[in-house]
Structure formats: structure tokens, C-alpha cells
Amino acid sequence: MNSLKISTLCFLLSIISIPNFTVSQILFQGFNWESAKKGGWYNILEQSAAELASSGITHVWLPPPSQAISDEGYMPGRLYDLTSKYGNQDGLKALVKAYQDNGIKSVADIVINHRCAEKQDERGIWCIFEGGTPDDRLDWGPSLICSDDTKYSDGKGNPDTGADFGGAPDIDHKNTRVQSELSDWMNWLKTEIGFSGWRFDFVRGYAPEFTKLYVANTKPSFSVGEYWNSIAYGSDGKPEYNQDNHRNELAGWIGNAGGEVTAFDFTTKGILQAAVQGELWRLKDSNGGPPGLIGISPRNSVTFIDNHDTGSTQKLWPFPSDKVMQGYAYTLTHPGIPSIFYDHFFDWGLKGEISKLTAIRSRNGIKPDSAVRILAADADLYVASIDDKIITKIGPRFDVGNLVPPTFKIATSGKDYSGFNWESARKGGWYNILEQSAAELASSGITHVWLPPPSQSVSDEGYMPGRLYDLTSKYGNQDELKALVKAYHDKGIQSIADIVINHRCAEKQDERGKWCIFEGGTPDDRLDWGPSLICSDDTDYSDGKGNPDTGAPFVPAPDIDHKNTRVQSELSDWMNWLKTEIGFSGWRFDFVMGYAPEFTKLYVANTKPSFSVGEYWNSTTRDELAGWIGNAGGEVTAFDFTTKGILQAAVQGELWRLKDSNGGPPGLIGILPRNSVTFIDNHDTGSTQKKWEFPSDKVMQGYAYTLTHPGVPSIFYDHFFDWGLKEEISKLTAIRSRNGIKPDSAVRILAADADLYVASIDDKIITKIGPRFDVGNLVPSTFKIATSGKDYCVWEKSA
């Protein structure tokens, strides 16, 4: 909300393809540091397929597959030669098939930062590589080594883009031959061997943009990067309490690597293995959430206790051996994608205890993005509720007081940990005008509708709210709103409420004559606040007793103190009432620049919307948007103002803008597509305000982009109904739905010139924008035109 003068007709219809996050996804590391020495390792693992499947394992991470100088595989040479100390190609293929037959996907360990040469060159330097095939694939010379790796390079390559690896030549990932041939090799591992995903080794060794490139080129169903950097330690040799810099570095790598790859959560490992040694208070960060990467980007976090490096016989950073099951009680019940180490499962005799935990995770549908509510975090006791379905207790203290309700029963327990289970049931004129549109919107593929602010307001448009529980507004009354939400619900459409909580308008003046006495709109005192709940530095209204504002000021009305626990509790209760009483499913958070993102995170955690989006508008860069998303918990989406700004400039003869320096989309959808809500205009930028409007004659080019590209696209009321674009827009929504285009779909940009933009999305559709008619051979003959209009066209792959 950027102005007080807003059209009363302003709301948005959002086409939202919410990602279906994998339930109970569990990774298993199928080797340790000694596995290569045991002989026939692939054959040994093949016998475990049924056992792992019955224990809930969904993915197995296998060792590096290629011929290598080192037994363990981390000094690879002939990449296409799959004879290693673990077995041969046939044995590997049989193993992968056995897992696949049991519903388990295989993840290959991809070691591509460095590579060992087959021969010396004329200088006597080991820098001549063999690919392992009769042709010249992966047969490289010294010019494909990083130029600053002077021990091996001839100086003709590009400088290294990451950390140096001293033991072998660092490969030049800027080289297009390297990119192409490594991508081809990985795709061969998929098609020939049957691998489904990748574990990228030592990703600190090359820029994250190359991980992004290899993921885009190979489209794994799962990928994880090993970004291992030291956590922060204090002068006492113990980890510092605050590890935000460490987890933010991991989150930054994920974002720069495209936002879809996961990362091993070294932050959680480091904190957890210190916490279980009498310092369980470490498991709650300063915002009340998990302190590791799972606290800010849980969907991108792979949690683990130990692996072949940290544990096994190397023991570079081992978990306390007598506390391992406390560690699994945490990782297997909390958000993120948990990983189980081979040694613990088979060699340590913990299979039974671990399997009980995986069964609890699966039975209760605990997901990578499940919500955590920490109930206690003391030195000797940690208790947390996950999705309000299970409660996990870790630590030696037996008495947990009244933290565990009597409706929960023990599901499993062991030394210093326990798990609890609960099966619970939950309840589920403008308004009148909108109600008539339900069937029409549903038939056009609309899944969510963003409705205007619901409460009584000083301004007609609703953005100066007062009595929040009073739902009589200029749009209608509570009964009409409830009927509208039900009509949408009956058609399979979810309703999104516009939540305006940065500021609030008072009902009365206090003894000073200041408008600072608020009424909640109920007979009791809910949301009946005074000046002490206003930010202390909002001196026009506050009595100075509140906390300072944590965001940008909003001058026309009192800024609410979101640090105040009563504010937090009562706003959360009101939002939950909007869900249970009215039927809302999600939130659009207005003017989130006005308060710290940790409070958006808190309200999302407290109210558990199925969808939430924040309006962070401030000449925003995509990195700033991504930072807000991460700090707001990583699950909320944000309106992609970056894409809007670039797109509305691009369609005016500068379509080259639609490709960033890494070859991908230049907006937020280029780094965090699942968290991006793309749009052409809204009630502020367009409508009668026209604060930052899209060129009116290029609007359909805009929708041709947003409705075929990643992100969650939003459609504006004016364009759909008033501008007569319903039919053209509906054709695009049908193409999106028919081809399963998702928020995280892959984009391959084929052209981005001044007058022509062409991109393939998921290799299912091709979108062309711009006045140039001739697209050359960019569109294969197997694609047919699905829809077209002025300066845009969309092709679908023929069945």
C-alpha cells in the first residue's frame, strides 16, 4: 500500500500453483569412508533396498560413480568410466534399478570442482584428461583448467570462481565446453544408469551460478550442495550462540544457485551437537525459532548428524557418539530434509530406533516446511511442537510440566528424548458482485482470490483500519463476506485477506487530545489498545512507553509496536478468527517495510496460512526481496516488483533486459521462483492511481510472460473484466495448467534481443514476445502454436 487514495474496485485475482512439498522425504547416505575398501559395495547395498524402503527412505545418496585416483572416488579422472572401487557399471545400474523398484531414488555424488589427469603434457605437467569413451568427450587439456591454478594450467583458462582445491586441477567452469560436456555426462548418468538427483561436492570451489546452470541443464528431481564453512566460535572454543551469519551464507549460496537446490545444514549440525551437551538453550534463536538454516529456509535444508567426512573413520567434526539418537530425534521430527548416515543405521545398531522416528514423521506428514513452535529451550530440556501434530522432547530433564497436553501420547522414546502424537480435527454491495464471479473465475483456472481489507476503516478502501473485528466496510458486511468466501470455496477457490497491521486508526482521543485509543470491535477488550502499544518513536501518537519502530514509518496513522507480546498475540488471534469464522485461507501482508520481517515470520507461524505474500515495495532489487523472504522465514512469498519493473521497460523495445548476466530471468523469479508472485499491475501501480503502471498497449505481452514463466502469477481485476482481456488471459492460464507449469519451472532463454524474446519453459512450452516475426529455428517443428496475440505467441509441444 503506497497511497491512501485507492480505488474501491481494487482487488486482485491470483492464479496460484502452490508447490506440493514432498511429505516425509528422507535421504540416506549409502556409504562411509571405508566402503570402497570392502569390495563389491554396490552388491552389498543392493541387498538393502527393501529394508530401506520399509524404513521410509525415499532417496539414497551413492558415492562418486567414476574411475578415480583415490579409492573413495573424490579424485575422479575418466568420468564416463564407471568402474571404481565400489563396483562396475553393470553393478551400479542393477543397484539403482533395485532401489527404483522399491520406490527409492538414487542420488549421485557429483565431483566436478576438480579432476585428475590421465597423462602429462610436453611440460611434464599432469593436465591431459581422458573422458573414458572412444570419442573426445571430456578429453580436455590444460586450457580447461583455471588460469590461476598455475601448478597445472597453461594460463589460457579463466580465473577460478571459488575456493582453491590444492590436490588436483581446478576445472574452469566458465568454459562453455566444460559446461556442455559435464551437463551431457550428468544427463547420461540419468538416462543410462537411472540416477534421479545430485549431491554436488565441494561447491565452495566454483561460483554458485554454475550449480544453477548444471541443475537447469540436467533437471534432477533432487539436488543438494556441500557448502561447508566453519561456524563462528567464541574465545572459549565453543560455538557462539548467534550463527545467523553462517546460515545466511548458506541461504545466500542457495539463492545464487537458483533457489531450487538444497544445501546440507551445517549450521544446524554445529549448533545441535553443542546443544545436546547440556546447552539445549542453543536450539532457540533470538526470534524464537530454530537457529539453523531450517529456521530461515527449511525447504532448502538437508539436516544431518554425521557423514563420511565429519564422522566415519575421518571424524573431522563428529557428533557426540552417546548423543546421536537425541540428534535424530531432532532432525527426523523437525523441518528440512533429514539425512541418515549408513554407519548409524546399520553399523551402530540404531536401525530400530531410527525407523520408529521415520515412521512418526511419515505418519504425521511432517514436511520440509513444517511449522515449529518451541515450548521450552533450557540447558537440560528442549520441547517443540511440530505442525501441532507431534511434540519432541530432548534432554535429561524428565518433568516437562504442562507442556505436553493430555491429548498427546508417547509414540517412541529413548535416552533423553521422546516423541508424542496427536490426531486433531480442525473447523474449517462489492462482495455480492464478486460472488457472481465464482464459477467464471474457477473455469479460468483461478485458484486463489485476493480480497480487499475486510475491517472497518477510516478510508473507504480499507487501508486505514480501525475496529479490526468489525467487518462492516465499504465492500459489504460480515455475512456477505462470509457468503462470498463460501461461494469461492465451493468452486475450489481459496480466499486471501489483505492484512493491514503496520498501522491502525484510533477510535478516541486520550487525555492529551491524541488519537491513540483503539477499539477492537468486540464487547470484550480484544484489540482495545492504548498509546503504549504504539511505537515509541511515533511521537505524534505514542506515550513513549512502547518499543522503537522496527521498520519504515507510516505518517498518517499510528505505527503499531509489533515487539509487544500483546500485539503479537491479539493480532494472531484475529487472523486465526478470520480463518475459522470467515473461511480465509491466506494473507496478503500490506506495507511489510513498516515492521521487521521477523514479525511476518511470527504471524505466519502463528496462523499457518496455506498461502501468504508480502508487499515489499521500495525500488527493490531482487536480492533485497530475497533477503526479506529469508528473514521472514523463507516460506512467505513476495510480490516480484523486480520482474515488474524490468518487464515493463523490456516490452518497450528493450527485450534484452529479460536475460540476466547468468542467462536466466532477471527478477526475483530468477533466484527464488517459488517465493515470487509476479504481476502486471495492482490497485496501487495501475487502476486510477497509476503510480507505476504497465504500458497499456503491452499488457498482454506482460501476461504472456508471467503466465508462462516460473513464480506465482497474479491477474488484475481491471485487466480481466474491465479491459476485455478475459479470453486472452484464460487461454494463457489454460496453457499453464495443461502443461503443469509450476512456480519452480525451469526456463531456458533462447533469445533476448531488443525486438525478440524467446524462452522454453520445462521444455513443454515456448514463449515469444516482441514484434519480430521470424524466430528462425528457435522453435522446433514438434511444437505447435497454442495461442497468439499482438507481439506475443506461445507454442506447445505436440503430443
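## Ground rules

The model is predicted, so local features need pLDDT of at least 70 and side-chain atom pairs count only at pLDDT 80 or more, while totals for chains, interfaces and linings use all residues. Residues are numbered from 1 along each chain as its sequence is written, and side-chain values use heavy atoms, with hydrogens and water left out.

## The barrel

Let's start with the barrel. Eight strands close up in the order β2-β3-β4-β7-β8-β9-β10-β11, with parallel pairing. Neighbouring strands of this sheet are turned by 25° against each other on average, direction ignored. Helices (H or I, at least four residues) and strands (E, at least two) are DSSP runs, numbered from the N terminus. Two strands pair if DSSP finds at least two bridges between them.

Zoom in on β8 (residues 222–225) and β9 (residues 262–264): they pair in the parallel sense over two bridges, and Val224 sits opposite Thr262 of β9. Helix α6 (residues 244–256) packs on the sheet, touching both β8 and β9, and its direction makes about 145° with that of β9. For such angles, axes are lines fitted to C-alpha atoms (for helices over the stretch in contact), and values run from 0 to 180 degrees between N-to-C directions. Contact means heavy atoms within 4.5 Å.

Thr303 belongs to strand β10 (residues 301–303). With a relative accessibility of 1%, Thr303 counts as buried; the cut-offs are under 20% relative accessible area for buried, over 50% for exposed, and partly exposed in between (1.4 Å probe, protein chains only). Setting aside neighbours within four places in sequence, Thr303 is in contact with Asp265, Thr268, Ile294, Thr331, Pro335, Ile337, Pro338 and Ser339.

Asp149 sits in the loop between β6 (126–128) and α4 (176–193), and at 8% relative accessibility Asp149 is buried too. Its contacts, again leaving out neighbours within four places in sequence, are Ala168, Pro169 and Asp170. Phe202 is another loop residue, found between β7 (197–200) and α5 (208–218). It has a relative accessible area of 19%, so Phe202 is buried. Its phi is positive, about 45°, although Phe202 is not a glycine. Most residues other than glycine have a negative phi.

## Around α15 and β22

What kind of unit do β21, α15 and β22 make? It's a right-handed β-α-β unit, meaning that, with the strands pointing away from the viewer, the path from the first strand over the helix to the second runs clockwise. The two strands pair in the parallel sense over four bridges, and Trp587 has Ser612 of β22 as its bridge partner. On from there, β22 also pairs in the parallel sense with β23 (residues 637–639), over two bridges, with Val613 standing opposite Thr637 in β23. Both faces of β22 are covered: Phe611 and Val613 are buried on one side, Ser612 and Gly614 on the other.

Helix α15 (residues 597–607) has Phe599, Thr600, Lys601, Leu602, Tyr603, Val604 and Thr607 as its buried residues. They pack against α14 (565–582), β21 (586–589), β22 (611–614) and α16 (622–631). After α15 comes Lys608, in the loop between α15 and β22. Lys608 has a phi near 50°, a positive value in a residue other than glycine, and it is partly exposed, with a relative accessible area of 32%.

Ala759 has Thr767 of β28 as its bridge partner. β28 also pairs in the antiparallel sense with β30 (residues 792–797), over five bridges, where Thr767 stands opposite Val794.

How many residues of β28 (residues 765–769) are buried? Five of its five are. Ile765, Thr767 and Ile769 point one way, while Ile766 and Lys768 point the other. In a regular strand the side chains alternate between the two faces of the sheet.
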